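Have the viewer open as you read.

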Amino acid sequence: MKNTKFSQIDEDATCSELTYQDFEPHDYKEYPKIFSRNDFLRQVRRTVNGVPVSQEDIDRIVSSIDINLDLCAEDRVLDIGCGNGHLSSPLYSKVKRWVGFDSSEYLISVATEFYGVEERVEFITQSVDQLGESVSAYEESSKVLCYGVLAYLTQSEVARVLDQISNCLKSVERIYIGNIPDRDLINFFDPNYKVDPLCERSQIGRWWTSNEIKEVAKSNGNWEVDFIKMPEEFYASKYRFDVLLRRKI
Ligand SMILES: C[S@@+](CC[C@H](N)C(=O)[O-])C[C@H]1O[C@@H](n2cnc3c(N)ncnc32)[C@H](O)[C@@H]1O
């Protein structure tokens with residue numbers, strides 16, 4: 001039996017709406033279309049049995065990003081895998097520029113419709129794989145956010161992105177990587193987890209260890225690595241973690 005106390009939200013990803021089974025487990029292109037245009041939380045699958053994550057948890061995430069990225073009025077933020085823009089939207093007014101990209105054309109259209117009205121904010125349909133060819137467009141970025149995305153990338157994609165940020169986006173001081181499934185704590189989620197924890201194309205994606213994160217950060221730039229503990233009450237505090245990378249001077 002799953003440990004429902006800790007796993008109920010992510011469990012939604014494997015046993016939720018009937019229509020869910022009509023989609024690939026990692027689908028963010030067609031699946032979000034089954035919800036209304038402004039059903040932001042369900043579109044990015046941050047749901048518990050169809051019920052969105054609490055506003056308190058959204059506030060906790062936003063606050064952690066804000067504090068750890070140390071956002072200020074001069075910042076230019078690159079939001080990798082921004083989805084529909086809803087999560088980071090409370091932070092747009094705090095910075096000079098916010099550019100988000102995501103491989104889902106549909107989620108980018110939602111982001112543009114609801115959050116792209118301000119001139120300082122821009123959303124682009126693009127995958128992580130295309131960062132190399134477009135990197136010069138982001139060279140003024142001072143901070144990077146990558147929330148709820150890492151699990152859907154391969155290890156080599158993660159290494160390449162870090163390397164590109166390190167070498168081509170020299171102004172980037174901090175990178176916040178959030179909501180990473182923690183392989184060392186997979187039993188808190190489900191002692192009988194049957195899905196390959198290394199498969200990034202599964203519902204939850206690839207489960208990482210903190211040591212793997214340290215290694216990939218060490219091999220792809222000169223980063224100080226700090227793990228961030230979300231409050232006990234946070235829905236995924238028992239089996240997901242966040243990390244802050246700070247460029248060493
Ligand atoms: C769980 S959602 C998180 C969205 C947003 N960051 C948030 O927290 O609300 C994961 C997002 O990663 C995006 N994604 C997955 N693989 C990607 C890739 N290779 N390149 C760009 N975006 C990707 C998906 O389209 C989806 O919007």
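## Ground rules

This is a predicted model, where local features need pLDDT of at least 70, side-chain atom pairs count only at pLDDT 80 or more, and totals for chains, interfaces and linings use all residues. Numbering starts from 1 along each chain as its sequence is written.

Helices (H or I, at least four residues) and strands (E, at least two) are DSSP runs, numbered from the N terminus.

## Around the ligand

How many residues surround the ligand? The shell has 18, and the closest are Y28, G81, G83, L87 and G148. Being near here takes a C-beta atom, placed from the backbone, within 6 Å of the molecule.

Sorted by class, that shell holds 10 nonpolar, six polar and two charged residues. In this scheme Ala, Val, Leu, Ile, Met, Phe, Trp, Tyr, Cys and Pro count as nonpolar, Asp, Glu, Lys and Arg as charged, and the others, Gly among them, as polar.

Is strand β7 largely enclosed or open? Eight of the eight residues in β7 (residues 174–181) are buried, so the rest of the structure largely encloses this strand. Buried is a neighbour count: 20 or more other C-beta atoms within 10 Å of the residue's own, with exposed meaning 12 or fewer and partly exposed anything in between; C-beta atoms are placed from the backbone.

β7 pairs with strand β6 (residues 143–147) in the parallel sense over five bridges, and V144 has I175 as its bridge partner in β7. Pairing needs at least two DSSP bridges between the strands. β7 also runs antiparallel to strand β9 (residues 240–247), joined by six bridges, with P181 opposite R240 in β9. Together, β6, helix α6 (residues 155–168) and β7 make a right-handed β-α-β unit; that handedness means the path from the first strand over the helix to the second runs clockwise when the strands point away from the viewer.

## Strand β3

β3 (76–80) has four of its five residues buried, so this strand too is largely enclosed by the rest of the structure.

## The nonpolar cores

Which members of the largest nonpolar core touch the most others? In this set of 53 residues, they are I80, V144, L145, C146, L150 and I175. Helix α4 (residues 105–115) gives the most to this core, contributing five residues. Apart from it lies another core of five residues, including V53, Y235, A236 and Y239. A core here is a set of buried Ala, Val, Leu, Ile, Met, Phe, Trp, Tyr and Cys residues joined through C-beta atoms within 7 Å.

Setting aside residues up to four places away in sequence, V144 touches L78, I80, I165, V172 and I175. Contact means the two C-beta atoms, placed from the backbone, lie within 7 Å. L245 sits in strand β9 and is buried, with 25 C-beta neighbours inside 10 Å. Beyond its neighbours within four places in sequence, L245 is in contact with R174, I175, A217, W223, E224 and V225.

## Positive phi

Most residues other than glycine have a negative phi. D70, not a glycine, has a positive phi of about 55 degrees. D70 lies in the loop between α3 (55–69) and β3 and is partly exposed, with 14 other C-beta atoms within 10 Å.

N179, also not glycine, has a positive phi near 65 degrees. N179 is part of strand β7 and counts as buried, with 20 C-beta neighbours inside 10 Å.

## Two loop residues

Y235 is in the loop between β8 (223–228) and β9, and is buried with 21 other C-beta atoms within 10 Å. Its C-alpha atom is 7.1 Å from that of D57, although 178 residues separate Y235 and D57 along the chain.

Is D196 buried or exposed? D196 is exposed, with 11 other C-beta atoms within 10 Å. The loop that holds D196 runs between α7 (186–189) and α8 (210–219). D196 and W207 are 11 residues apart along the chain, with their C-alpha atoms separated by 9.0 Å.
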